[in-house]
Amino acid sequence: CCAASLPVLFWLVCTTSMPSKLGLLALGCAALGGGVAAGFTAFFSMQAAPDANQRLQPAPPETATDTRNVWQKLAMSYDLKINMDENVMGIKLMRRWLCRKHAHGSVLETSAGTGRNLKYYRRGQVTSVLITDSSQDMLRQAQAKVDSIEDEELKALFRLEESDTVHMKYAADSFDTVVDTFGLCSVPDPVQAVKEMVRVCKSGGKVVMLEHGRSSSPWLTRILDQQADDHARKWGCYWNRDLLQVLQEAGVADCAYVQRWHFGTTYYIVIETPRKLTDTQ
């Protein structure tokens, strides 16, 4: 589209005054640069890893960073700090895709943070949404978003609770859908967190996740490893975890659909929990 607009821009420059020409040239350069940047981002961001099961070197040991304290400090400014990154990387579209396509019935969202997925749940598709996080300050931000919903029937679907994803207090087979977006990088035991999500999900339901972890490209994984501790101290997140290994150790690798983006660092995961024998009789 940028190339197609160049003849029009050239005609406008030739038929306008000098001040206007300068403005049009600046506008054209900005549009062309933006188009090139958008195309570059789209190409490299939306390429799935060629081998979703590729194994890399194990991640180095993690330091004992207290991620909960980090999230408490970030709560007030978190949305502002990551909003541009999520726009450029297409993360908001992926959040929407995940929730609109898979979330149905009674929903539990774990590690929900400031509630960045709230606007993607559809009334009529979900019957209730329980928003949980271990950070009270993050939940206050999410509560403010719920309070701002004008549709009273939609607002009534949401309930917020403080909860630890690794040790959930909910009974087994409680929810039709369990949603987790960018939470496995922050919990102390991601394997146990996945086991808990599957435990509280009803048989025949879905556990759906959007996460980031080790890259499918060795050069990028080395960078993630080198900066992992500093990143965790700043953002409360270990971005170099081997999520394929996590799924394997949690015993769900065989029933998990995994698609990877952004050089294999973003994981789109759908786990369909198997139906119990009593459900099929």
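**A first walk through the model**

Guide: Let's begin with arginine 95.

Visitor: Where is arginine 95 found?
Guide: In helix H5.

Visitor: Buried or exposed?
Guide: Arginine 95 counts as buried, because its relative accessibility is 4% and the cut-off for buried is under 20%.

Visitor: Okay, step back. How many helices and strands does the protein chain have?
Guide: There are 11 helices and 7 strands in this predicted model. The chain has 281 residues, and 46% of them are buried.

Visitor: What is the mean pLDDT?
Guide: The mean pLDDT of the protein chain is 84. A pLDDT of 70 or more is reached by 75% of the residues.

Visitor: And where does pLDDT stay under 50?
Guide: One such stretch is residues 1-14, with 9 contacts beyond four places in sequence. Residues 36-54 also have a pLDDT below 50, and the model gives that stretch 27 contacts beyond near neighbours in sequence.

Visitor: Back to H5. At what angle do the axes of H4 and H5 cross?
Guide: At roughly 75 degrees, and the two axes come within 5 Å. So H4 is roughly perpendicular to H5.

Visitor: Which residues make the contact?
Guide: From H4, Asn83, Glu86, Asn87 and Met89. From H5, Ile91, Lys92 and Arg95.

Visitor: How do those divide into nonpolar, polar and charged?
Guide: The contact of H4 with H5 has 2 nonpolar, 2 polar and 3 charged residues.

Visitor: New topic. Where is the kink in H9 centred?
Guide: On alanine 228. H9 covers residues 218-235, and the kink is about 55 degrees.

Visitor: Which residues in H9 are buried?
Guide: Leu220, Thr221, Leu224, Asp225, Ala228, His231, Ala232 and Trp235.

Visitor: What covers them?
Guide: The cover over the buried residues of H9 includes helix H3 (67-74) and helix H4 (78-89).

Visitor: What comes just after H9?
Guide: Glycine 236, with a positive phi of about 70 degrees.

Visitor: Where does serine 186 lie?
Guide: In the loop between strand E4 (175-181) and helix H8 (190-200). Serine 186 counts as buried, because its relative accessibility is 11%.

Visitor: What about aspartate 173?
Guide: Aspartate 173 also has a positive phi, near 55 degrees. Aspartate 173 sits in the loop between strand E3 (158-162) and E4. At 30% relative accessibility, aspartate 173 counts as partly exposed.

Visitor: Now a strand. Where does valine 208 lie?
Guide: In strand E5, residues 201-212. Valine 208 counts as buried, because its relative accessibility is 1%.

Visitor: What is valine 208 in contact with?
Guide: Beyond neighbours within four places in sequence, the contacts of valine 208 are Leu98, His102, Thr177, Val178, Val179, Asp180, Ile269 and Val270. Threonine 177 is 31 residues from valine 208 in sequence, and their C-alpha atoms are 7.5 Å apart.

Visitor: One more. Where is serine 135?
Guide: In the loop between strand E2 (126-133) and helix H6 (136-147). Serine 135 is buried, with a relative accessible area of 1%. Setting aside neighbours within four places in sequence, serine 135 is in contact with Trp71 and Gln72.

Visitor: And how many residues apart in sequence are serine 135 and valine 70?
Guide: They are 65 residues apart in sequence and 9.6 Å apart in space, C-alpha to C-alpha.

Conventions: Residues numbered from 1 in each chain as written. Predicted model: local features only at pLDDT ≥ 70, side-chain atom pairs only at ≥ 80, totals over all residues. Heavy atoms only, no water. Bend = angle between axes of the 7 residues up to and from the residue. Helix = DSSP H or I, 4+ residues; strand = E, 2+ residues; numbered from the N terminus. Buried < 20%, exposed > 50% of the residue type's maximum accessible area, 1.4 Å probe, protein only. Contact = heavy atoms within 4.5 Å. Axes fitted to C-alpha atoms, helices over the stretch in contact; angles between N-to-C directions. Parallel < 35°, antiparallel > 145°, perpendicular 65-115°, else oblique. Nonpolar A, V, L, I, M, F, W, Y, C, P; charged D, E, K, R; others polar. pLDDT = per-residue confidence, 0-100.
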